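Dear colleague,

Please read the notes after it with the coordinates at hand.

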Amino acid sequence: MTIAEVSKKYDLTQDTIRYYERIGLIPRVPRTKSGVRDFDEESCKWLGFAKCMRNAGLPIEVLIKYINLSKEGDKTLEQRKQLLIEQRQKLIEKQENIKETISRLDYKIENYDKIGKKKKD
């Protein structure tokens, strides 16, 4: 797949994809003989993973570390697993904070509704 096709498929700009590759957020993408990026299934999987993790708020540094560990092979399986477990826990904590914030907003909105009804009466 070309970078244009991948950009459309994953809803990422071509510049973002190039940046992700340049900083090591995704492994180096295979190239044609003329040097054009030729995204294969593996490259697309890594890009999808990176997008998902970034959308969830994982830091770029953590993802680069994960990619680098994966390049070292099976000897880093436990380290990679631990890294994902730690990030999962952080996301769960973030999710709890978001739930609490939504509850507070709901409470405030309900109060505005009550105040509005009182003024109409």
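This is a predicted model: local features need pLDDT of at least 70, side-chain atom pairs count only at pLDDT 80 or more; totals for chains, interfaces and linings use all residues.

The mean pLDDT of the chain is 93, and 98% of its residues reach 70 or more. Confidence is highest in α1, at a mean of 96, and lowest in helix α5, which covers residues 77-120, at a mean of 91.

The largest nonpolar core has 22 residues, and those that touch the most other members are Val-6, Ile-17, Tyr-20, Ile-26, Phe-39 and Leu-47. Two or more residues of this core come from each of α1 (3-10), α2 (14-23), α3 and α4 (60-71).

Turning to the aromatic side chains, the structure holds four aromatic pairs. One of them joins Trp-46 and Phe-49 in an edge-to-face arrangement, with 6.1 Å centre to centre and 85° between the planes. These two residues are three apart in helix α3 (residues 41-55), so about one helical turn separates them. Trp-46 counts as buried because its relative accessible area is 16%, which is under the 20% cut-off, whereas Phe-49, with a relative accessible area of 23%, is partly exposed. Together with Tyr-66, Trp-46 and Phe-49 form one aromatic cluster.

Tyr-66 leads on to α4, where it is buried along with Ile-60, Val-62, Leu-63, Ile-67, Leu-69 and Ser-70. The 12 residues of α4 reach 17 Å from the first C-alpha to the last, which is close to the 16 Å expected at 1.5 Å a residue. Just after this helix, Gly-73 takes a positive phi of about 90°.

As for charged side chains, the structure holds five salt bridges, and I describe several of them here:

- In helix α2, Arg-18 and Asp-15 are three residues apart, about one helical turn, and their side chains meet in a salt bridge at 3.0 Å, N to O. Arg-18 is partly exposed, with a relative accessible area of 28%, while Asp-15 counts as exposed at 56% relative accessibility.
- In helix α3, Glu-41 and Lys-45 lie four residues apart, about one turn of the helix, and their side chains meet in a salt bridge at 3.6 Å, N to O. Both Glu-41 and Lys-45 are exposed.
- In helix α5, Lys-99 and Glu-96 are three residues apart, again about one helical turn, and their side chains meet in a salt bridge at 3.8 Å, N to O. Both count as partly exposed, Lys-99 at 45% relative accessibility and Glu-96 at 42%.
- Glu-21, Arg-31 and Arg-37 are linked in a network of salt bridges.

With best wishes

Key: Residues are numbered from 1 along each chain as its sequence is written. Side-chain values use heavy atoms; hydrogens and water are left out. Rings of Phe, Tyr and Trp (its six-membered ring) pair if their centres lie within 6.5 Å; planes under 30 degrees apart count as stacked, over 60 as edge-to-face and the rest as tilted. Buried means under 20% relative accessible area, exposed over 50%, partly exposed in between (1.4 Å probe, protein chains only). A nonpolar core is a set of buried Ala, Val, Leu, Ile, Met, Phe, Trp, Tyr and Cys residues joined through side-chain atoms within 4.5 Å. pLDDT is the predictor's confidence in each residue, from 0 to 100. The expected span of a helix is 1.5 Å times one less than its number of residues. A salt bridge is a side-chain nitrogen of Lys or Arg within 4 Å of a carboxyl oxygen of Asp or Glu.
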